[in-house]
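Trainee: I would like to learn how to read a protein model. Could we go through one together?

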Amino acid sequence: MLITMKRLIFVFLAVGVLGLLCFVSIFKKDVLPQPTFPLDEEVIIGALEKSGLPGILSESETTSLAEGRRMHIVRSPMITYSDTISIEEASVDPSTRLLIAGITSATIEGERVLITVFDQIDVAGQMSWEDWKQQIVFATLLYGGFEDEEQVYQAFADKELPYGENVFQRWDAQLPEGYCTVTYHTINESSNPKQKRHALMGVNIYESQALYQALYQRLQKPTTQVVP
């Protein structure tokens, strides 16, 4: 009788463990792939395709800044900064084409950092977060590890974008996957009627807030100039 009871207890425990494993496997959320930093060109091209952000990787502007750090530039295939510049002329000098995204990816002290900036021109007076959704999704895909591609977007979408000329605003959000900051800046040179109105958005993701604070403090320290 005692042996039979022990067997029954064992069976119930085994069934319970199997049931728990099945429950976890069913409700476990998939996460976005987390690419190796610094980023490779293939990752950026894949994120462009998945986000639908219209741009092409400017291979001539790819720069290795230092060990573990790399910068990539994504340009518009059609839009130039000046109407007087043709697409053929812009092909000779890629920097004359609209900056779709500037991307810096790095591993600093074992932690991943993604710095991105996006530019839009001839923008409306009042923009919405929906106007920047593809850009934010693109940055989220580049960093990876989030529950879904809209997680960062949803963290900021209820904030109010400022309206007006030459305005600047910054927001931050601590998510389980990393510390995120978003900046928004409009530029309008009223003295030059030919100047197109720009709106810039920066989306930065740090593996931890402590890393962000450490990097920020480094930027605040005055640079010591060595006089020969």
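**Rings and a helix face**

Mentor: Start here: Phe146 is buried, with a relative accessible area of 0%. Buried means under 20% relative accessible area, exposed over 50%, and partly exposed in between (1.4 Å probe, protein chains only). This is a predicted model, where local features need pLDDT of at least 70, side-chain atom pairs count only at pLDDT 80 or more, and totals for chains, interfaces and linings use all residues. Residues are numbered from 1 along each chain as its sequence is written, and side-chain values use heavy atoms, with hydrogens and water left out.

Trainee: Which aromatic pair does Phe146 form, and is it tilted or edge-to-face?

Mentor: Rings of Phe, Tyr and Trp (its six-membered ring) pair if their centres lie within 6.5 Å; planes under 30 degrees apart count as stacked, over 60 as edge-to-face and the rest as tilted. Tyr143 is the partner, with 6.1 Å centre to centre and 55 degrees between the planes. Tyr143 counts as buried, at 1% relative accessibility. So the pair of Tyr143 and Phe146 is tilted.

Trainee: What is the angle between the planes of Tyr206 and Tyr212?

Mentor: Tyr206 is buried at 8%, and Tyr212 is buried at 16%. Their centres are 5.1 Å apart and the pair is edge-to-face. The angle between the planes is 65 degrees.

Trainee: Which residues do ring pairs link into a cluster?

Mentor: The structure holds ten aromatic pairs. Ring pairs link four tyrosines into a cluster: Tyr179, Tyr206, Tyr212 and Tyr216.

Trainee: The charged end of which residue sits over the ring of Tyr143?

Mentor: A charge sits over a ring if NZ of Lys or CZ of Arg is within 6 Å of the ring centre and within 35 degrees of the ring normal. Here the distance to the centre of the Tyr143 ring is 4.2 Å. The residue is Arg112.

Trainee: Why do the buried residues of H2 line one face of the helix?

Mentor: Helices (H or I, at least four residues) and strands (E, at least two) are DSSP runs, numbered from the N terminus. In H2 (residues 41-51), the buried residues are Ile44, Ala47, Leu48 and Ser51. Seen down the axis of H2, they line one face because they fall within an arc, taken from the directions from the helix axis to the C-beta atoms, of 105 degrees.

Trainee: Which exposed residues does the face of H2 turned away from its buried side carry?

Mentor: Look at the other face of H2. The exposed residues there are Glu42, Glu49 and Lys50.
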